[in-house]
Structure formats: C-alpha cells, structure tokens
Amino acid sequence: MAPLLLGAVMLVAQLQLVPSRPAVVSGDEPGQPELVRKAASLQEEIQDGAAPNGSAQQLPQTIIIGVRKGGTRALLEMLSLHPDVAAAENEVHFFDWEEHYSQGLGWYLSQMPFSAPHQLTVEKTPAYFTSPKVPARVHGMNPGIRLLLILRDPSERVLSDYTQVFYNHVQKRKPYPSIEEFLVRDGRLNVDYKALNRSLYHLHMQNWLRFFPLRRIHIVDGDRLIRDPFPEIQKVERFLRLSPQINASNFYFNKTKGFYCLRDGGRDRCLHESKGRAHPQVDPRLLNKLHEYFHEPNKKFFELVGRTFDWH
C-alpha cells in the first residue's frame, strides 16, 4: 500500500500550478478552474492509496491565512484541541514562496499530516494574508475553502512585529535598532516601515475579497482570544461546521505567564516562551501618532467586513 501512495504523490508532484483569473465579484461563486479538477483528481488518487486504518494526507480544507503576530499559533493550538482537526505542524509557505509553489500540489500534499476521512486538515502560514499573489493561488486550488484570519489592534501588532525581529537578533548576538529608528524618519512617522504596511488590514482584505466572498473568511478577534479564548473558539467551531467539542475546561489562566494555557486530556501545555513577550517601551506621543495613523484605515476595514473591533 505504501508504494502505491508514494507513486501517487510522485505522479502528481510534476503538476505545475498556475494562478486563476480574478473572480467576478458580482457572481455568487466563481467557476472551478482546471487546477481545481487536478486537485480533486490528486485527492482521489491519494484516497485510493490510503493506509489500512483509513488515514491519508489530504489537501487542507481550511487555511489560517494570517496575520503575522496576530495570534495564529495560539489559534492553531486551540483549534487542535478538537478531535476532528488535523493540523500541519509547521508553516508551509506554499502559496507565497516560489521555490515551494513551483513544486506543485504533490509537494504541498506531502507537507500535510495524515488524517482520518472525517477529519479537517488545517495549515497556517501568517504571511499569506499580506502576499499579493496568494489569494488567486488559493482560489485556484479550492474556491470553496474556508479561511481563518486572526487580527489584533494594528498598533499592538506593529509592536509585536518589531519585538519578534528584535529578539531574533538578540539570540544571534546581533545589534538591532530601536523601534523609534524604524517608526520615525525626518520627524514623521515612517510609512515605509514594512510592519506598518502589514497592519493596513483593509488593503490586504480587498485583495482577498476579489477571490472569496466574505462568508468564506472568518475573522477571529485576536485581542479577545487572548483575554477570553473560549467564546472565540466556539465561533470558529461553528464556522468550520465542527461539532462543539472544545470546552471552557480546556483553558486555564497561567498567572506566571500572564495568559491562557491549554488543558488537553489531563495534560497542560502553554505556548512557547517566545510568545507573549513584553513590548518595548515607546514614547506615548509616538504611540498616539501610531493610533492616529491607523484611525482611517481601521474605519475602512470595519466598513469592508461589516463589523467593528475594539482598537484604539
């Protein structure tokens, strides 16, 4: 059985993906391109070569598309509490890295976990949300896929973005400029700073809505997930049409770490120590500039998705 499975993967690994044309926004559901048929054919071949217990690698039916430093790892870990979810362990970067995308669907499938037929396969790559080419490519694979997007206060997300890169340099014993040096240029807010662009949610969301209707994208409130995770996970379960299996007892507040940890089958686990790091101290006047900068973009985002968030 194993040679048959390997043969199927090798056969389809040569298939090259091509981006679909932009979907017609006025339509209900865009038509299925050739790539969708190839994906369906690939999945059928893999199912034919499934293991004796029925498990097989499946293309994801759900993708956590972002946003970077929005809480994607926490969301994936919490969602993995559900017995009907099989999650890819690492960020795959299939749709945004050319060296991966050029290897085709067979390579993508090989990165997925083995799962039972009734389970939902999930992968998360936070960079997808802000990568211009990704929406068309995901749509080309499966226009009916369900997408999860977790967002935080844009200003807080910028500070978390900086903090992660800062500590990466510290671990390598490399110097790194202060956040003020990135945020300020010639006495003004440096709008060319990449971390600021990642927090302009309305620009990136517009790109995704060219290919997917809003009902296919569930937005998780990352700030609420930190404060009170259970209600947010319940919404995710409903969106993914999963039976309600995750309970309030699966979460407990760790006073030492200052955030919620998970309890799964009597085993307690928290996110890696790299998560939840303290942000750098920033001059209040500079913080106000950040809040002012994001005020109008936030309003545009609220109008785009038809809901508001408790952001500055």
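## Terms and model

A residue is called buried under 20% relative accessible area, exposed over 50%, and partly exposed in between. By that scale aspartate 264, with a relative accessible area of 27%, is partly exposed. The structure described here is a predicted model.

Strand S5 covers residues 120–124, and five of its five residues are buried. The cover extends to both faces of S5.

Strand S5 pairs with strand S2, residues 62–66, through three bridges, and the two strands run parallel. Within this pairing, threonine 62 has valine 122 of S5 as its bridge partner. Strand S5 also pairs with strand S3, residues 85–87, in the parallel sense and over three bridges. Here alanine 87 has valine 122 of S5 as its bridge partner.

## Helix H3

Helix H3 spans residues 72–79, and six of its eight residues are buried, so the helix is largely enclosed by the rest of the structure. The buried residues of H3 are Thr72, Ala74, Leu75, Leu76, Met78 and Leu79.

## Salt bridges

Side chains of opposite charge can pair when their charged atoms come close. The structure holds 16 salt bridges. One of them joins glutamate 98 to lysine 133, with the closest N and O atoms 3.6 Å apart. This pair links distant parts of the chain, as its two residues are 35 residues apart. Glutamate 98 belongs to helix H4 (residues 98–101), whereas lysine 133 sits in the loop between S5 and helix H6 (134–141). Glutamate 98 has a relative accessible area of 39%, so it counts as partly exposed.

Another salt bridge joins aspartate 161 to arginine 157, and their closest N and O atoms are 2.9 Å apart. Both residues lie in helix H7 (residues 154–171), four residues apart, which is about one turn of the helix. An α-helix has 3.6 residues a turn, so residues three or four places apart point the same way. Aspartate 161 and arginine 157 are both buried. They also take part in a network of salt bridges that links Arg68, Arg157, Asp161 and Arg198.

## The region of the disulfide

The structure holds one disulfide. A disulfide is a covalent bond between the sulfur atoms of two cysteines. In this model the disulfide joins cysteine 261 to cysteine 270, with an S to S distance of 1.8 Å. The link between cysteine 261 and cysteine 270 is right-handed, with 105° about the S-S bond. Cysteine 261 has 1% relative accessibility and therefore counts as buried. Cysteine 270, at 28% relative accessibility, counts as partly exposed.

A salt bridge is formed by arginine 269 and aspartate 264, whose closest N and O atoms are 3.9 Å apart. Arginine 269 counts as buried because its relative accessibility is 17%. Aspartate 264, its partner, is partly exposed at 27%.

Methods:
Residues are numbered from 1 along each chain as its sequence is written. This is a predicted model: local features need pLDDT of at least 70, side-chain atom pairs count only at pLDDT 80 or more; totals for chains, interfaces and linings use all residues. Side-chain values use heavy atoms; hydrogens and water are left out. Buried means under 20% relative accessible area, exposed over 50%, partly exposed in between (1.4 Å probe, protein chains only). Two strands pair if DSSP finds at least two bridges between them. A salt bridge is a side-chain nitrogen of Lys or Arg within 4 Å of a carboxyl oxygen of Asp or Glu. A disulfide is a pair of cysteine sulfur atoms within 2.5 Å.
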